[in-house]
Amino acid sequence: MTRVTIVGGGPGGYEAALVAVQLGAEVTLVEQVGLGGSAVITDCVPSKTLIATAELMTLAAESGALGVRLGDAGAGEAGADTAKSVGVDLAVVNARVRALAHARAQGSSEAVFANLQGQLCEGTGTNVFYVVDGELRTPTLAAGCLAGITRHLVLEWYGGREVDEPIEVLRVASEAFLASTTRDVQAIARWDDLHLAPPGPITGLVPTVWQGREPDLLGR
Ligand SMILES: Cc1cc2nc3c(=O)[nH]c(=O)nc-3n(C[C@H](O)[C@H](O)[C@H](O)COP(=O)(O)OP(=O)(O)OC[C@H]3O[C@@H](n4cnc5c(N)ncnc54)[C@H](O)[C@@H]3O)c2cc1C
């Protein structure tokens, strides 16, 4: 058996490792920071999230020309300057960049946050649902999570209890899923080192209820 040692777990290193394994080699990959390399930890993923923030700020700043008034730009006031009222909280951006980079380095596509009280709160762009003792639960809006439309519709159409619990509650959840406009309902397969067997019965049922109700909402 050919043995290969690769130094560096960036795109170059882990691709080389995958190919070597496919070719039958026994591979050891040495990495000093985290899997994903600069691409995940400092370059591609962080820069794309900064670009996403900048694009949204530009859109919001230019929306004044289309008659949109934001914040203190003065509702309905002719000549109100939307551009001046658009701000960014860099601490939030930084926390999001770090969380996403950490999630990517773990092979995950989303990072879920606790709020300052340690209660389960939300993902970087998703709401979180989980099942304990057969009951579907999600954090209350008072926890600080986004009032997502998909979250609202899951609660209205399927039902569930809004409750604030320590983030560790996910360790005893039998199922968990993310909800957002782009993901709809997406089962969580792994939570750190905890593997959930997706989709569980409730996670499987919610999209069925959803598909039954959506045509009504869209007038189809
Ligand atoms: C702002 C920015 C945005 C980018 N966006 C994109 C993009 O959208 N798409 C794209 O394809 N590319 C993008 N890139 C380029 C991309 O990041 C690099 O091409 C890619 O990271 C190179 O991969 P690599 O594996 O060669 O090196 P790296 O990703 O740098 O990985 C090297 C790894 O080796 C580890 N290492 C080094 N020395 C040791 C040691 N002695 N022992 C153990 N581990 C060690 C490091 O910790 C690191 O994890 C971007 C770059 C920048 C700067």
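Tutor: Helices (DSSP runs of H or I, at least four residues) and strands (DSSP runs of E, at least two) are numbered here from the N terminus, and on that basis alanine 25 lies in the loop between α1 and β2. The model is predicted, with local features needing pLDDT of at least 70 and side-chain atom pairs counting only at pLDDT 80 or more, while totals for chains, interfaces and linings use all residues. Residues are numbered from 1 along each chain as its sequence is written.

Student: Why is alanine 25 called partly exposed?

Tutor: A residue is buried if 20 or more other C-beta atoms, placed from the backbone, lie within 10 Å of its own, exposed if 12 or fewer, and partly exposed in between. Alanine 25 has 14 C-beta neighbours inside 10 Å, so it falls into the partly exposed class. Leaving aside its neighbours within four places in sequence, alanine 25 is in contact (C-beta atoms, placed from the backbone, within 7 Å) with Thr2, Arg3, Val4 and Ala20.

Student: What makes glycine 12 count as exposed?

Tutor: Glycine 12, which lies in helix α1, counts as exposed because it has 12 C-beta neighbours inside 10 Å.

Student: Why is β2 said to lie largely in the open?

Tutor: The number buried among the 5 residues of β2 (residues 26–30) is 0, so β2 lies largely in the open.

Student: How do you know that the span of α3 is close to the expected one?

Tutor: The expected span is 1.5 Å times one less than the number of residues; helix α3 (residues 44–62), with 19 residues, reaches 26 Å from its first C-alpha to its last, close to the expected 27 Å. The buried residues of α3 are Val45, Pro46 and Thr49. These three cover an arc (of the directions from the helix axis to the C-beta atoms) of only 110° around the axis, and therefore sit on the same side of α3. The face turned away from the buried side carries exposed residues, including Lys48, Glu55 and Leu59, whereas what covers the buried residues includes α2 (37–41) and α5 (90–105).

Student: What makes β7 and β9 edge strands?

Tutor: The open sheet of 5 strands has the order β7-β6-β5-β8-β9, with mixed pairing. Strands β7 (161–162) and β9 (184–187) each have a single partner strand, so one side of each is left without a neighbour in the sheet. Further in, strand β5 (residues 127–132) pairs with strand β8 (residues 175–180) in the antiparallel sense over 5 bridges, and valine 128 stands opposite leucine 178 in β8.

Methods:
Two residues are in contact if their C-beta atoms, placed from the backbone, lie within 7 Å. Two strands pair if DSSP finds at least two bridges between them.
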